[in-house]
Amino acid sequence: MSSSPTKKKGLGTFDFFCVGFGAIVGVGWAVSLNKWMASCGGPVPASLGYLLALIMMVPVGLCFAELVPMMPVAGGTTAFAYKAFGEKISYLAGWCTLGAFLTLMPWEAIYVVDIAAILIPGIKAGDPLYTLAGTDIYLGHIVVGLVIALFFFFINYKGADLAAGVQKVLCIFLIGVGILAMVFAVLKFDTQNWQPIYENVGVSTHKSFFGGMLAILATAPFFLCGFETIPQGVEDAGGSVKKVGMTVLLSIVVACLFYSLLLITIGGAWPWQSFYHDMASPSVANVFAAIYEGTALGKGLYTLLVAGALCGLLTTWNSFMMGTANLMMALARARMLPAVLSKRSPKTGTPVNGLIVCLVASVIGPFLGLGLIDPLTTFSSAAYVLSWGMAAYCLIRLRKTEPNLPRPYKIPGGLPMAWFAAVAMTILLVMLFIPNSPAYMGGVAIKMFIGWLVVGVIMFLATAPQRNKLTPEERSAALFASAKDAQV
């Protein structure tokens, strides 16, 4: 183990909110809003679908709000499950979360380059180097992706304070752009643009308005993921860890409302079926250019919304680089990943080797292109849902097995609320794997999910020798060592 890093000022409540909200609200709203409408049969069922997702996710957020200050260490569900169920279940939770986290970074790198190319067309100049999954890859793609990946590696390497400072600036701009989009959509609002209120346009299997609402749940976990980056960084908190736990819930609520309001307002500003069929990516920027066609306002809104989409990508990328490195550090402390990943910088406290892995994952993205986006999206959804459900089961078990653990915050509704979260996530996970289910994630994503689990088993067996060098008590002590320094 490396020596303890010098204690920094630490992150405040608003820092953690920006980490969580910025991780959740990436580029999806800017490029996929019309696809959400189409997959649900209209903006109204899509908007209500996100409110349904909110009802499902609030209990999950409440579980994290209790668990985070109770065990304020990096790892999130990994640490919760270690205490509640032991090493093997902890590894399953951590490995699934890690798969989802690592997936996000190449995903963001792919989209960042594509959005940046709209603002800087020269990125796609010349002949493509090659084509992958139907997408042309240019030298400019790779160069821009590498530069941004190195930038985020650098600011995270310099410490959580710098990374959080950059995150705040990007997050405030992102929120401002989203609010402006809603305002200018309302100025052109007409309920006729919602018509037909529900119609399956052939991209999903649902047959009713309610089925359309449920359809959003196939991808909603992916577009709501990111709040788990908050507990990963709890060791960098500069104040009460109770407030850190509450920012998990706050980021979920604000993100769901953000998506729902965008769907209902923009869906009322332009005929939604035309929005789906006629607007290329970035669809939201293009629809505003059409709504205010031929005006300086239309051009300005287009540019601003493309910049907002880019900011959303950057906030997500930054948050997940922070969170993934800390998650790997936690798994390595318990020797469930190679011990070298537990190394922290003695000056800044950053998990150095974990950040290097994140850099490699980020660099892969620009070489892949947009053709692989959809399978990555739905694979991540299943991994997140599994992790969220396990967190709820951890809370239920720890209420019984560890009643004396300090709980600065207790979930309203107690165990029934936790059971609601656990059962809801279990049902959703099952639906993701059932063909013809409104939330079915598809065969390619299922193969990716199973493949990741197989790789996880191999990794767990490979790390057994280093794990056996420490007693279970020593591994537990290493995982939870930072908890004693937390301010509740």
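**Figure 1. Glu87 and Arg467, a buried pair.** Glu87 and Arg467 are both buried, meaning under 20% relative accessible area, where over 50% is exposed and the range in between partly exposed (1.4 Å probe, protein chains only). This is a predicted model: local features need pLDDT of at least 70, side-chain atom pairs count only at pLDDT 80 or more, and totals for chains, interfaces and linings use all residues. Residues are numbered from 1 along each chain as its sequence is written, and side-chain values use heavy atoms, with hydrogens and water left out. The side chains of Glu87 and Arg467 form a salt bridge, 3.6 Å from N to O. The pair ties together distant parts of the chain, 380 residues apart: Glu87 sits in helix H6 (residues 87–119), Arg467 in helix H20 (residues 464–468). A salt bridge here is a side-chain nitrogen of Lys or Arg within 4 Å of a carboxyl oxygen of Asp or Glu. Helices (H or I, at least four residues) and strands (E, at least two) are DSSP runs, numbered from the N terminus. The salt-bridge rule gives a count of seven.

**Figure 2. Glu235 and its arginine partners, Arg333 and Arg344****.** Arg333 pairs with Glu235 in a salt bridge, with 2.7 Å between the closest N and O atoms. Distant parts of the chain are linked: Arg333 belongs to helix H15 (residues 296–333), while Glu235 lies 98 residues away in the loop between helix H11 (229–232) and helix H12 (241–266). Arg333 and Glu235 are buried. Arg344 also bridges to Glu235, the closest N and O atoms being 3.4 Å apart. Arg344 comes from the loop between H15 and H16, 109 residues from Glu235. Arg344, like Glu235, is buried. Elsewhere, salt bridges with shared partners join Glu66, Arg399 and Arg407 into one network.

**Figure 3. Helix H5, mostly covered****.** H5 spans residues 77–85, and seven of its nine residues are buried. Those buried are Thr77, Thr78, Ala79, Phe80, Ala81, Tyr82 and Ala84.

Figure 4. Ala361 is buried, at 11% relative accessible area. Neighbours within four places in sequence aside, Ala361 contacts Leu102, Met105 and Pro106. Contact means heavy atoms within 4.5 Å. Ala149 is 212 residues from Ala361 in sequence, yet their C-alpha atoms are 9.3 Å apart in space.
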